[in-house]
Amino acid sequence: MAPSVLDATGHMLNGFGDHKIDTMNPHDLVYFDKRLTPKKYEIKGTKPDSKILFSDVNIIDSTGADPFRGDVYIEGELVSKAMELKNLTEARRAHQGCRRNIKQTVSIDRSKSKLGELGVEEHTLVSARSAQTYLDSGYTMAFGAASAKERLDVVIRDAINDGKLPGPRYLANGKEMAVPDGELVPGITAFASGPLEMRETIRHHVKLGVDTIKLSMSGEQITETRDAQDCYYSHEETAACVDEAHRLGVRLCAHARARDSVKQCIQHGVDIIYHASWIDEEGMQMLDENKIKHIVAPGINWLIATIYEASAFGYAQSKAEEVGYKKELDAAIKGLKEMHRRGITVLPGGDYGFAWTPHGTYARDLEHFVKLLDFTPMETLVASTAGVAKLFMREDELGKIKPGYYADCILVDGDPIKDITVLQDHDKLNVIMINGRIHKASYKEFIQVEVPKADLVPEVQSLTNYVAYALDDGTHRTRIGHLDIKAGTITPLSFPSGTPFENLYQAIEVGSDQIVAGDDPFPLTDDINILPPISGRDILAVGKNYAEHAEEFHASGYDSSDKVSMPSHPVIFTKRATSIIANEEEILLHEGFTETLDYEGEIGVIIGKSGFQISEAEASQYIWGYTIINDVTAREKQRDHKQFFIGKSADSYCPMGPIAVPAHALPEILTVTTKVNGEKRQESTIDKLIFSIPKLIETLSQSQTLRPGDVIATGTPMGVGFGLKPPTFLKPGDMVEISVTGLGTLRNKVSEAKASNYVAERVKNETSVPVNNLSITSGGLGLTTLPQSGKRLDVQRIGSGLKLLVFMHGLGGNKSFFSPLLAQLGLNDPEHKQYTSLLYDFEGHGLSPTSARSTITVSSLADDLYELLKLESLALPTNNQVTLIAHSMACLVAELFASRHPDLAHQLILIGPPPCPLPQAGYEASTQRAAKVRAEGMRNVAVAVSTAGTSAKTRKERPVAFTAVQMSLMSQDPEGYAKGCTALASARDSTIDLTTLGSEVLIVAGEEDKVSPKSWAEKLNNMLAKSRLEILPDVGHWHCFEDVEGVANAIRGVLL
């Protein structure tokens, strides 16, 4: 057909230019760049086995077709059928329609409840209530037009999607952007002046997580200072905003009442135009010529209500007309009628949340479209449903009652085709459903359905969609779970013993029959840190393994691996382990490294057991399962280096996931499909490989042993970027989606060229240096971090008094050593008013971990104490009297601390203080004990120390005390104890002048203590200026276990 016979939209002309304009579905012609597609949010909580039937209803399916009688059958979150259903027992719940109307419903939201007046906390509550009101009003989708606080929209959107708040599907906005002195309402505006500031503000909004950004380009009559006919943006500013937002994959909307602001929106590509009240003939023609790029949302109810209904709230009609609202309304109606006549997409929605446009009255816009703008009721309903689905860029799954669409619908007691105002009466909205889940319904709506008994048998869920994730508790621990894609939940997996799986290697090793649900499922939210299903090893990869791809690669000019297109042997290479990233992580476009970034969708096979020289016939027995891989490639590096490694191993060049699935849970033939920005580029099946997976396993194992968990990327089909005409390579903002049968979809976006290398940061934080005694707290949960040294200690605070007691245990002990003493003194009362007691475990002891990098000495332990006392989060009363109560080696720490900080150490209570400096014999014994523990573990040392360190009476007559000593020692981490021994040995070189200590000192010694013999205790007592000595009979070195009453009596005289 000759081009002159068609117009710009593809309509055939008749010579007079009066072809039929589609005013029912003009949005079908609107095309937004796929790169601007918002994230596909899913609302959690709908049970996948839910079945609901709406019986005998008039169905308005939002296609524009006439309503028809029938049944709507919903399974899970989707419409399954919209037709006559014979078998009522298919549904678990049924709603008797009695020929009422069932329809989709959505909205454009410009609510700004109380705007800038509320604090963010109150505003969050108001917004949460507003979200529910939208749903209560039958609106299941809302397009946010501005947010009164930076993240208000984002937080509410995420809470709705997580199932924490009832509300519509929502696309979030941020604060509206205005030039200085161009705001409409104080407090809700993000200001920017000039193109550079505009770009920076756009970037800031995107970082907040918004889906759309609003420009406040013109004034508003009610302000009386910023006229609606004035445009406050320059062309350069508007162009910069559009360029920056689109570059970052986000659309723009604009408050554009003024003639010139509308023209700027059209000229520079602002996607959604609000109001357009003062559009002139030139602007109308521009909009007509570009109607496939723009959507107009007038918000007409604001003008009408401000003129005719605001007087009851103190804004007189005469005032509204005086400032120009009546003229604007007349101009707007005229312009909007013309837009509708020309087939320009105009959608209902408006400014709600003001006194005279309260929340819950959203459907008034629908009435205005019919009565004022020449829309038919059906055109209005289609615009408010399918039209807004186009705005969401999800028109293939939202906005209509059709099979495969999300079940967002309402059951109306009335006919909106005959009377559009029926939708304003909430009592007429008998049933409101979102995502296949009932939000509102009376019990009278339900029909009792007899379900066959077979349906009541619980379905046994197969736990085969293995997903790796990190625990969100700061410990960096990882877990394996089962991802229920339909329900949007993760079930933690464990061994039958209850021990959780930490990685997929463990699950592969034990086999599927040894994998059970370890806990209840939890919702998959954006906060969950999903990891690659398996990582830590290089990927074994295969090139040129689909015939058509081998041909396109050979013809591309990038193939320097061979002189022929078809390989005679498998082309094997590897990808670095550091190239592996997870689903949804960004592919880094490394600046200066490549200008030919390309994708390769592939099926990854995972080896299930070790094997050497595996035959092709037996290879299938070695396959555990499959995952998805994107073999990202820098083509010029692949070509120039004459091999594949450099071009395919860059950081982030191996996206993998989102799940791994055992082979027995998948069909034999898998299909791989790759899309870029929604456009299908690749599709093929695994049976079309040149070299089959068994052949690849045979080839790789001929000279090397394959290990469980090894991953082989099997090759990519035709359709990569260099094979397109012209060649098309990945650029910032591109979204690559790779789907494989039964494995879900791997999604990764290409980052900015200058984006920071998160992979490098991740690798930088990796360490092979061991941290001992960390697992006992599940990776450090509940520990206190010292800000300067970064050490983590187990700390306990008891009481709230103004006098501080610090309890410090000795070598082989922990803070529990003092538990009997606290009970004797009554200090274990959490509400103690006189004293605050602080107990903590030394580094490496009790529950406190220790890094191999850290050398523990008496001096380092004194430093730890100082940091602990100054820690603001503990809020310790150090300005008053501080008493250090120390046992054994801790006495050396207390003495050193008191000599360094006499202002803090008011009083010392030394229980079994070792000699200071430590004699050479003590140094040698401690050093030898450290070596012995490192070689043999704690058992032998614990027996020897507990025997030598207790009195004869304790060993014979105090079995509980003797057992407590042994248990204290046995519970120590061997390396932590060994480092404690070397810390004690460091006291040989102590230079503390004990005669200068100004603190009051109580010395408590055991009569049979060999570590702190009675002779040393007496000598120390004589050396100190302010000291007192208590000798406990029949006591060795473990005083609080052997004679807690004696220790308490000695201390009681000092404290109380």
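The model is predicted: local features need pLDDT of at least 70, side-chain atom pairs count only at pLDDT 80 or more, and totals for chains, interfaces and linings use all residues. Residues are numbered from 1 along each chain as its sequence is written, and side-chain values use heavy atoms, with hydrogens and water left out.

**Stop 1: the annotated domains**

Select residues 126-438. UniProt, in an unreviewed entry, lists them as "domain: Amidohydrolase-related". UniProt positions are in the numbering used here, feature names are shortened, and annotations may be inferred rather than shown by experiment. The span is 40% helix and 17% strand, with its end C-alpha atoms 23 Å apart. Helices (H or I, at least four residues) and strands (E, at least two) are DSSP runs, numbered from the N terminus.

Now select 539-750, listed by UniProt as "domain: Fumarylacetoacetase-like C-terminal" (unreviewed entry). Here the chain is 13% helix and 32% strand. The end C-alpha atoms lie 21 Å apart.

**Stop 2: α1 and α2**

Select 120-136 (α1) and 152-161 (α2). They pack at about 50°, axes 10 Å apart. Axes are lines fitted to C-alpha atoms, for helices over the stretch in contact; angles run from 0 to 180 degrees between N-to-C directions. α1 is therefore oblique to α2 (under 35 degrees is roughly parallel, over 145 roughly antiparallel, 65 to 115 roughly perpendicular, the rest oblique). Show His123, Thr124, Ser127, Ala128 and Ala131 of α1 against Leu152, Ile156 and Ile160 of α2: these make the contact (heavy atoms within 4.5 Å). By class, they are 5 nonpolar, 3 polar and no charged. Ala, Val, Leu, Ile, Met, Phe, Trp, Tyr, Cys and Pro count as nonpolar, Asp, Glu, Lys and Arg as charged, and the others, Gly among them, as polar.

**Stop 3: α7 and α10**

Select 300-308 (α7) and 364-372 (α10). The angle is about 90°, with axes 9 Å apart. The two helices are therefore roughly perpendicular. Ile300, Asn301 and Ile304 of α7 meet Arg364, Asp365, His368 and Leu372 of α10. This contact has 3 nonpolar, 2 polar and 2 charged residues.

**Stop 4: the open sheet**

Which order do the 7 strands of the open sheet follow? It is β43-β45-β44-β47-β48-β49-β50, with mixed pairing. Two strands pair if DSSP finds at least two bridges between them. At the edges, β43 (795-798) and β50 (1027-1032) each pair on one side only. Twist averages 15° from one strand to the next.

Zoom in on β49 (1000-1006). It runs parallel to β50, joined by 6 bridges. Val1004 has Glu1030 of β50 as its bridge partner. Finish on α26 (1014-1023), which packs on the sheet and touches β48 (907-911), β49 and β50. The direction of α26 makes about 165° with that of β50.
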